[in-house]
Amino acid sequence: MVSSGGPKWVKKMMSPDMSPICSGAIFQSLVRNPLVSPDVIGVSEGATVAAVALIVNRGPLVLLPVAACAGGLGTAAALYLLAWRRGIIGNRLVLVGIGVDAFLTALTLFMLVRYPIDEVSAAVLWTSGTVFDSVWEDVGRLALGLALLVPAALALMGRLRALQLGDDAARSLGVRVEPARLGLFAVAVGLVSVAVAAAGPIAFVALVVPHGARRLAGPMTTGVLVLAGLLGALLLLGADLAAQRLFAPVSLPAGVLTAVVGAPFFPVLLCRTNRSS
């Protein structure tokens, strides 16, 4: 693909990172666990498996968002069923999700080594998470996804805040707990799936940025969700610029840099969570 028309920074500011950041913020608030994000519990990898299967089998790339959404939704459904024990507990979801993510990662690697190198080279670059050679068609698909999913997420914010108080408190406030939780799960999975379809799995930003947004603006609200999305777009823009400039003439995918920066945050967050529990 060749990028054409319009300044590149505009395309990257209309980045896919807004979607997984909003998704990560919803997941963390929904299960009341700061360690939950779509790339930790396997949702991103589920979307990746489906998209890689389409790429290596030379399927029509116009179906990439559909394949990614189907993979993400299928993984989320499996997670929900495996982690369900009279409700969803954050720690159980994290443990189940890590196992599912490991299985799906192995499945992705199997497909990458199973097919000839000329058929998987594009998929290998894509799985590292990159906005290189993004085109305006990608922006259009992302804009359509955001136009459908972000209003749905904002409309569900009241139910999300009620669920943060616990299931019993939410019921006392008139919230139908399971339909609300399933709706939030579906919206969160849809957000991360359209992002993965556009740029591959961008590592750790969905885990890190929601914490920054909450530190700046307080507990999860409609405004904090929007702020998290905007911070995610800015972070991806900065990561892409740094990946292009710091290692010139070598150009790295933005996902490599976000993984290097974000990976140390996970054990730090885990230690803080253990101390507070």
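At 6% relative accessibility, Phe185 counts as buried, because buried residues are those under 20% relative accessible area, exposed ones those over 50% and partly exposed ones those in between, with a 1.4 Å probe and protein chains only. The model is predicted, so that local features need pLDDT of at least 70 and side-chain atom pairs count only at pLDDT 80 or more, while totals for chains, interfaces and linings use all residues. Residues are numbered from 1 along each chain as its sequence is written, and side-chain values use heavy atoms, with hydrogens and water left out.

The secondary structure consists of 14 helices and zero strands. Helices (H or I, at least four residues) and strands (E, at least two) are DSSP runs, numbered from the N terminus. Along the sequence the pattern is α-α-α-α-α-α-α-α-α-α-α-α-α-α. Of the 277 residues in the protein, 51% are buried.

The structure holds two aromatic pairs. Rings of Phe, Tyr and Trp (its six-membered ring) pair if their centres lie within 6.5 Å; planes under 30 degrees apart count as stacked, over 60 as edge-to-face and the rest as tilted. A pair of aromatic rings is described by the distance of the centres and the angle of the planes. Phe27 and Phe185 form an edge-to-face pair, at 5.3 Å centre to centre and with 85° between the planes. Phe27 belongs to helix α2 (residues 18–31) and Phe185 to helix α10 (residues 177–199), so this pair ties together parts that are 158 residues apart in sequence. Phe27 has 0% relative accessibility and therefore counts as buried.

Tyr80 and Phe185 also form an edge-to-face aromatic pair, with 5.3 Å centre to centre and 85° between the planes. This pair links distant parts of the chain, as Tyr80 lies in helix α4 (residues 64–83) and Phe185 in helix α10, 105 residues apart. Tyr80 and Phe185 are both buried. Through these ring pairs, Phe27, Tyr80 and Phe185 are linked into a cluster.

A charge is placed over another ring. Arg114 lies over the face of Tyr115, 5.9 Å from the ring centre. A charge sits over a ring if NZ of Lys or CZ of Arg is within 6 Å of the ring centre and within 35 degrees of the ring normal.

A nonpolar core is a set of buried Ala, Val, Leu, Ile, Met, Phe, Trp, Tyr and Cys residues joined through side-chain atoms within 4.5 Å. The largest such core has 75 residues, and those with the most contacts inside it are Ile26, Phe27, Leu93, Leu191 and Leu225. Helix α10 supplies the largest share of this core, 13 residues.

Two packed helices are described by the angle between their axes and the distance between the axes. Axes are lines fitted to C-alpha atoms, for helices over the stretch in contact, and angles run from 0 to 180 degrees between N-to-C directions. Angles under 35 degrees count as roughly parallel, over 145 as roughly antiparallel, 65 to 115 as roughly perpendicular and the rest as oblique. A crossing is left-handed if the near helix is turned anticlockwise from the far one by less than a right angle, and right-handed if clockwise.

The axes of helix α3 (residues 43–56) and helix α6 (residues 117–127) come within 9 Å and cross at roughly 155°. The two helices α3 and α6 are therefore roughly antiparallel to each other, and α3 passes α6 in a right-handed crossing. Helix α3 also packs against α10, at an angle of about 45° and with the axes 9 Å apart. This makes α3 oblique to α10, and the crossing of α3 past α10 is right-handed. The axes of α11 and helix α12 (residues 222–245) come within 9 Å and cross at roughly 125°. Helix α11 is thus oblique to α12, and their crossing is right-handed.

Several loop residues complete the description. Most residues other than glycine have a negative phi, and most peptide bonds are trans. Arg58, although not a glycine, has a positive phi of about 60°. Arg58 lies in the loop between α3 and α4 and, at 61% relative accessibility, counts as exposed. Phe204, also not a glycine, has a positive phi of about 70° and lies in the loop between α10 and α11 (205–217). Leu165 is found in the loop between α8 (157–163) and α9 (167–172). At 59% relative accessibility, Leu165 counts as exposed. The C-alpha atoms of Leu165 and Arg32 are separated by 9.2 Å, with the two residues 133 residues apart along the chain.
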